[in-house]
Amino acid sequence: MTKVVSVVGARPQFVKLAPVAEAMTAAGVDHRIVHSGQHYDQALSQSFFADLAIPAPDVNLGVGSGSHGRQTGAMLAALEDVLAAERPDWTLVYGDTNTTLAAALAAVKIHLPVAHLEAGLRSFNRRMPEEHNRVLTDHAADLLLAPTEVAMAHLAREGLGPVSRLVGDVMTDVAHRVADAVRPGWRETAGPGGRGGRASAGFVATIHRPDNTDRPERLAAILEALAGLPRPVSLAVHPRLAARAAEFGLPLERGSLRPIPPLAYPEMVAAILDAAGVVTDSGGLQKEAYLLGRPCTTVRPETEWVETLADGWNQLAADPAAIAAAATRPWPPGPRSQPYGDGHAAAKVVAALLDG
Ligand code: UD1
């Protein structure tokens, strides 16, 4: 029996793990889940396991927060022990977090095969810790499971084509399934006539990237722009945003801004479906908005999910002064294309692992 150890640690990875864990069970794979403990708050961790019916982690390393070097180093040491004991056929790592890089390194150093899910994404922005994590993980891994054609092209350009497989995006699997559960009939509502087009609908926002939160002037300008939007803005507050806003003396409750705690996954999907639009710097939320047919404004100079920009459903607003015009733009007239697969990526992930 093929044995796979999935290593996860941060909120978006639990979302991706949900359909993969289910597909592993369906295929009779001996699947173990190792949680690094990078995210540990109930709202950022356990709630995802409960809401998405993910089996409880077999191991939780409880590494917690720290500087990049300390956090990644602590995970590397702890994961080496776990992987040496488990000796899986595949160590499966997800996305671009410090947990991903630590697990990939721990496995290859003891000659265990590594598969990278969500391989080939590139922002080409080397200020982002995620960019180092994903590039280094791609080049360490033995099997690269790419979500899109664009990701496949990046991998081919870096000489990694022979070990790359296009499987689609597992977030599509889970976003569509949860949307079906929380808002049946949602597929008919994308477009200005849908729920989100109601004059009363507000925006959903998240801001958590260090580049946006860690400089007082920039964070102040972003909050000012959100507070000035013409409809209510539900701002789901990541712990870093709460800490920096308090440190810089920037109130989160003002103007249109309505700060709320981080949302559980089904609540976030429902909030997106009920919204006039999304304003975010999160990769996952940009893509969820696209998959669910709501316009997104991305508060970053670039995105690794370039497909979302193609038909106007996502728009970059690197300058906070550009947020208002972008967020209130008319909804794109055309339908969205389907660059992220058909919602059956997790089964293809498992098939690729069993093949490999
Ligand atoms: C991590 C990922 C990022 C992803 C995000 C999803 C890296 C480099 N970044 O960023 O790609 O978009 O997860 O949310 O891996 N904290 C808590 N409770 C927790 C966890 C963290 O309060 O459960 C606080 C701590 O003060 C911590 C800070 O949040 O220092 C940041 O957490 P960290 O794990 O460093 O990364 P994220 O910013 O969440």
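The legends below describe close-up views of a predicted model of a protein chain with a ligand.

**Figure 1. Overall fold of the protein chain.**
The chain is built from 15 helices and 13 strands. Its radius of gyration is 20 Å, close to the 21 Å that the globule rule gives for 356 residues, so the chain is as compact as a globular protein of that length. Along the principal axes, the C-alpha atoms fill a box of roughly 55 × 45 × 40 Å.

**Figure 2. The seven-stranded sheet.**
Seven strands form an open sheet with parallel pairing, in the order β3-β2-β1-β4-β5-β6-β7. At its edges stand β3 (59-60) and β7 (164-166), each of which pairs on one side only. Within the sheet, β4 (residues 90-94) and β5 (residues 114-117) run parallel and are joined over four bridges.

Helix α1 (residues 11-26) lies across β1 (3-8), β2 (30-35), β4 and β5, and runs at about 145° to β4. Helix α15 (residues 345-355) also packs on the sheet, where it touches β1, β4, β5 and β6 (143-146). The direction of α15 makes about 165° with that of β6.

**Figure 3. The six-stranded sheet.**
A further open sheet has six strands in the order β10-β9-β8-β11-β12-β13, again with parallel pairing. Its edge strands, β10 (257-260) and β13 (314-316), have a single partner strand each, so one side of each is left without a neighbour in the sheet. From one strand to the next, the twist averages 20°.

**Figure 4. Strands β8 and β11 with helix α11.**
Strand β8 (residues 203-206) pairs with β11 (residues 277-280) in the parallel sense over four bridges. Phe203 has Gly277 as its bridge partner in β11. Helix α11 (residues 265-274) packs on this sheet and touches β8, β9 (233-236) and β11. The angle between the direction of α11 and that of β8 is about 135°.

**Figure 5. Surroundings of the ligand.**
The ligand is surrounded by 22 residues, of which the closest are His39, Tyr40, Asp41, Glu130 and Arg240.

Terms used: Residues are numbered from 1 along each chain as its sequence is written. This is a predicted model: local features need pLDDT of at least 70, side-chain atom pairs count only at pLDDT 80 or more; totals for chains, interfaces and linings use all residues. Side-chain values use heavy atoms; hydrogens and water are left out. Two strands pair if DSSP finds at least two bridges between them. Helices (H or I, at least four residues) and strands (E, at least two) are DSSP runs, numbered from the N terminus. Axes are lines fitted to C-alpha atoms, for helices over the stretch in contact, and angles run from 0 to 180 degrees between N-to-C directions. Contact means heavy atoms within 4.5 Å. A residue is near a molecule or strand if one of its heavy atoms lies within 4 Å of it. The radius of gyration is taken over C-alpha atoms; the globule rule is 2.2 Å times the number of residues to the power 0.38.
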